[in-house]
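Biologist: Could we go through this structure together? I would like to start with a single residue and then widen the view.

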Amino acid sequence: MSSVIWYLYEFARKSWAENFAAAKSDKEIMDAPDRFRNFPEVHKEYCIACGACTAACPAPMAIKLVRDEDSEHEDGFTYPVINNRGCIRCGFCAEVCPTDPKTLTCGENHLIREDFTILPVDKKFVIDDYLCIRCKKCMKTCKVGDAIVEEDNKIVIDQSKCISCGECLKTCPVKGAIKGIHISNVEEQKEIINLVVDSLESKIEAEQDKIKDIKGSDVYSFDISAVELIEEARKILDDDELIDDIIENITDRLKLRLITWDKNKCTNCRLCVKECPSGAIKYTSEEGVIRNPDKCLRCSICYQTCPFGAIGYYISRFLYKRDEADKLIHVTVKTSDLPVRS
Amino acid sequence: MLDGLKDIIRKSSIHVCLVNTGGCNGCDIEVVALLSPRYDLEQYGIYVHNNPREADVLLITGALAEQWKDKLQKIYAKTPEPKVVVAIGNCPLTGDVFNQEGSSVNAPVSDYIPVDAEVSGCPPRPTEILAAILAVGPDAIAARGRQKL
């Protein structure tokens, strides 16, 4: 009985009533400690726009690089903007920030600091409008605000904002729609491109006899080894990655038109000689009608003119397998969509 | 008089239902931390019920997986008026790390049900969750209780 009285007496005390009325967690518990790693703060005047924070960020929509508009007196600031709704407070961005003092600061970090160097990029990224399917995946993945924009129903990379990180290239679902173009040694690159296209064409023309047999919607495909081609390109510029990139960029887009000439079917009617716009077809009484491939524009007018089907018109496309050891270029040849007379 | 009494009672007793719509469970653990003696949620008159039919406040965590789309709307419909929805963490707001290419999350949750308060963070601190519930909870519930339906 006495224990119950003592128990009730507890509630009768004034201090109990005070504590009961004013019960509250300690302020210490409710406040975030100093070491708490909060959303990063941005000090935009220190930013060098290297993009290291966007590369380190594991959350998909946490950081965007933004560039202010230029004023009359100075260039606009480029700086990261943290989206609190996407940020997971990991602090990696503040950890990798290479500026001193840091552009991004937050509480204590746990990532072990690695040496960070900004890689000089020798590439400019462009979107090939011919291949682009306008899925806008690149716009979503772009780490820089407004670097990829839609203009006149075309997706365009704004070169003044692009930091050449290459993220868009990884997400693009179409091979060749976004490509990294090397910006140095342009003259040498031109030579390599000419070399590659010329040698591809000569190699396809060597297959003429088989190509002539293609009928209707059939496709003739074969592989060409690019090893010799790369050897020759090395003589012009000794940079394997650049050569690989160039060959890939060319072959993704290249559509070679091919004219075949069947001497047996030709009746020397000379209709094509008159029609040829570049004067590439000549008639001599000894050799009959002869086409000069160096002058030929591959315009297909002769093919459309010829009433005897002596001329064939084919389109070839290419796929460069750069990762394989034997560096094959896969070629597919098919007849053109133009009406056929035979 | 009766309304005043109802307001006082509603403000001092908030029942909460926690709905995880397919997240990593981190935010749920922070809510459990709120229940622990250190933060002691119940001193504010908040009680975690996990029954939408008795709840005033729905706490939504998670990035809204495919199968939760209709179920979340059902749960919202089951909650009696007045009701308040608090989205906890980054998942219901943007999808957070789950919102990758090819993933089937349907964030933000506000596309499906009206959201009254948002707490960002991955996960948010327990005190931030508490502040959000207390900021939006009592007044909204009291105000909505007076609405003539």
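Modeller: With 10 other C-beta atoms within 10 Å, N268(A) is exposed. Please keep in mind that this is a predicted model.

Biologist: Where is N268(A) placed in chain A?

Modeller: N268(A) sits in the loop between β10 (255-261) and α12 (271-275) of chain A. Its backbone deserves attention as well: phi of N268(A) is near 55°, a positive value in a residue other than glycine.

Biologist: What is the general rule for phi?

Modeller: Most residues other than glycine have a negative phi, and most peptide bonds are trans.

Biologist: Back to chain A, then. What is phi of R89(A)?

Modeller: Phi of R89(A) is also positive, near 55°, and R89(A) is not a glycine. R89(A) belongs to the loop between β3 (78-82) and α5 (92-96) of chain A.

Biologist: Is R89(A) buried or exposed?

Modeller: R89(A) is buried, because 23 other C-beta atoms lie within 10 Å, and 20 or more are enough for that label. N268(A), with 10 such atoms, is exposed.

Biologist: Let us move to I63(A). Which strand holds I63(A)?

Modeller: I63(A) lies in strand β2 of chain A, which covers residues 63-67. I63(A) counts as buried because it has 27 other C-beta atoms within 10 Å.

Biologist: And which residues does I63(A) touch?

Modeller: Leaving aside residues up to four places away in sequence, I63(A) touches C53(A), T54(A), C57(A), P80(A), I82(A), C93(A) and K143(A). There is also a distance to note: I63(A) and C87(A) are 24 residues apart along the chain, and their C-alpha atoms are separated by 7.7 Å.

Biologist: What does chain A look like as a whole?

Modeller: Chain A has 342 residues, of which 24% are buried. Its secondary structure consists of 13 helices and 14 strands. If we take the contacts in chain A with a separation of 6 or more, 67% are between residues 24 or more positions apart.

Biologist: How many residues of chain A are in contact with chain B?

Modeller: On the side of chain A there are 16 residues, and they are in contact with 17 residues of chain B. The chain A side of this contact is made up of 9 nonpolar, 4 polar and 3 charged residues.

Biologist: Now chain B, please. How many helices and strands does chain B have?

Modeller: Chain B contains 5 helices and 5 strands. Along the sequence they follow the pattern α-β-α-β-β-α-β-α-β-α. Of the 149 residues in chain B, 44% are buried. Among contacts in chain B with a separation of 6 or more, residues 24 or more positions apart account for 81%.

Biologist: In what order do the strands of chain B form the sheet?

Modeller: The 5 strands form an open sheet in the order β2-β1-β3-β4-β5 of chain B, and the pairing is parallel. At the edges are β2 (46-48) and β5 of chain B, each of which pairs on one side only. Neighbouring strands of this sheet are turned by 25° against each other on average, direction ignored.

Biologist: And what holds paired strands together in general?

Modeller: Strands of a sheet pair through backbone hydrogen bonds, either parallel or antiparallel.

Biologist: How many bridges join β3 and β4 of chain B?

Modeller: There are 4 bridges between β3(B) (residues 57-61) and β4(B), and the two strands run parallel. Together with helix α3(B) (residues 68-78), β3(B) and β4(B) make a right-handed β-α-β unit.

Biologist: What about β4(B) and β5(B)?

Modeller: These two strands also run parallel, joined by 3 bridges. Here the bridge partner of V86(B) is A117(B).

Biologist: Is β4(B) mostly covered or open?

Modeller: β4(B), residues 84-88, is mostly covered, since 5 of its 5 residues are buried. In a regular strand the side chains alternate between the two faces of the sheet. In β4(B), V84(B), V86(B) and I88(B) are buried on one side, and V85(B) and A87(B) are buried on the other.

Biologist: One last topic: which residues does the cis peptide bond join?

Modeller: The cis peptide bond joins C122(B) and P123(B), with omega about -5°. P123(B) is located in the loop between β5 and α5 (126-145) of chain B.

Definitions and conventions: Residues are numbered from 1 along each chain as its sequence is written. Chains are lettered from A and ligands numbered from 1 in the order in which they are written. This is a predicted model: local features need pLDDT of at least 70, side-chain atom pairs count only at pLDDT 80 or more; totals for chains, interfaces and linings use all residues. Two residues are in contact if their C-beta atoms, placed from the backbone, lie within 7 Å. Ala, Val, Leu, Ile, Met, Phe, Trp, Tyr, Cys and Pro count as nonpolar, Asp, Glu, Lys and Arg as charged, and the others, Gly among them, as polar. A residue is buried if 20 or more other C-beta atoms lie within 10 Å of its own, exposed if 12 or fewer, and partly exposed in between; C-beta atoms are placed from the backbone. Two strands pair if DSSP finds at least two bridges between them. A crossover is right-handed if, with the strands pointing away from the viewer, the path from the first strand over the helix to the second runs clockwise. Axes are lines fitted to C-alpha atoms, for helices over the stretch in contact, and angles run from 0 to 180 degrees between N-to-C directions.
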